Amino acid sequence: MENSIDGWVKKQANHYKTVENQHEPLREENIIKLLKKLENVKTITEVACAGGFLTKRLQDMGYSIIGLDLPEVVAKAKTTFPDCNFKNFNAEMDNINEADVIVAAEIVEHLANDFSFLMRCAVAKHIIITIPNNPTIESGDHHIRYYPRFSMEKLLDLAGFEVVEYLVDSSSQFFLGKKRSSPVVNENI
């Protein structure tokens, strides 16, 4: 019997076969709008970079960026954008290196342990999270959960981020979080 992490990796790899080449220009524009509100951003880590389109665009804008995703997805992104820095990454368990900003677009709703992932993102000064703006969870979309705005804000707060900006469009919710100097400690959790 395979463990749940291996099952998740296989499930996500199958999901990415259908979405790795999708390009989401509106989502990219909103992420860039949030990035431009920040000062002194030099390094960015994009978790779940999919086809690498945003990674490439941010690199072309002068940021030092690394795109992280599952091996099958990274292989495809490297083929499409060979001049970009992509690395294999499992969002359920791998640690993230320090960066000024972590961008995690449309990934947390797929994770079995979303809070653990957000805690590992606390190596960054800022985080930009996007989640679907659709409360319907379809069996084929591989989403484990839906987050109302207050729910994601609470998770980010518990992970040590203060939400300083919120955007919403027809398909996604966008959260810009700033790392607090010390995380919230609640012994009742």
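**Close-up 1. Cysteines and the disulfide count.** With a disulfide taken as a pair of cysteine sulfur atoms within 2.5 Å, the count for this predicted model comes to zero. Cys-49 is in no disulfide, and the nearest cysteine sulfur, which belongs to Cys-84, is 9.1 Å away. Cys-49 has a relative accessible area of 4% and is buried, where buried means under 20% relative accessible area with a 1.4 Å probe and protein chains only. Cys-121 also counts as buried, at 0% relative accessibility. Local features need pLDDT of at least 70 and side-chain atom pairs count only at pLDDT 80 or more, while totals for chains, interfaces and linings use all residues. Residues are numbered from 1 along each chain as its sequence is written, and side-chain values use heavy atoms, without hydrogens and water.

**Close-up 2. The buried face of helix α4.** Helix α4, residues 71–80, has Val-73, Val-74 and Ala-77 as its buried residues; helices are DSSP runs of H or I with at least four residues, and strands are runs of E with at least two, numbered from the N terminus. Seen down the axis of α4, these buried residues fall within an arc of 100 degrees, so they line one face of the helix, the arc being that of the directions from the helix axis to the C-beta atoms.

**Close-up 3. Strands lining the second largest pocket.** Strands β1 (43–47), β2 (64–69) and β3 (85–88) each supply at least two residues of the lining of the second largest pocket, and the largest share, four residues, comes from β2. A pocket is an open set of points on a 1 Å grid over the protein atoms alone, where a 1.4 Å probe fits, with protein on both sides within 12 Å along at least five of seven lines, and lining residues have an atom within 4 Å of a point.

Key:
Buried < 20%, exposed > 50% of the residue type's maximum accessible area, 1.4 Å probe, protein only.
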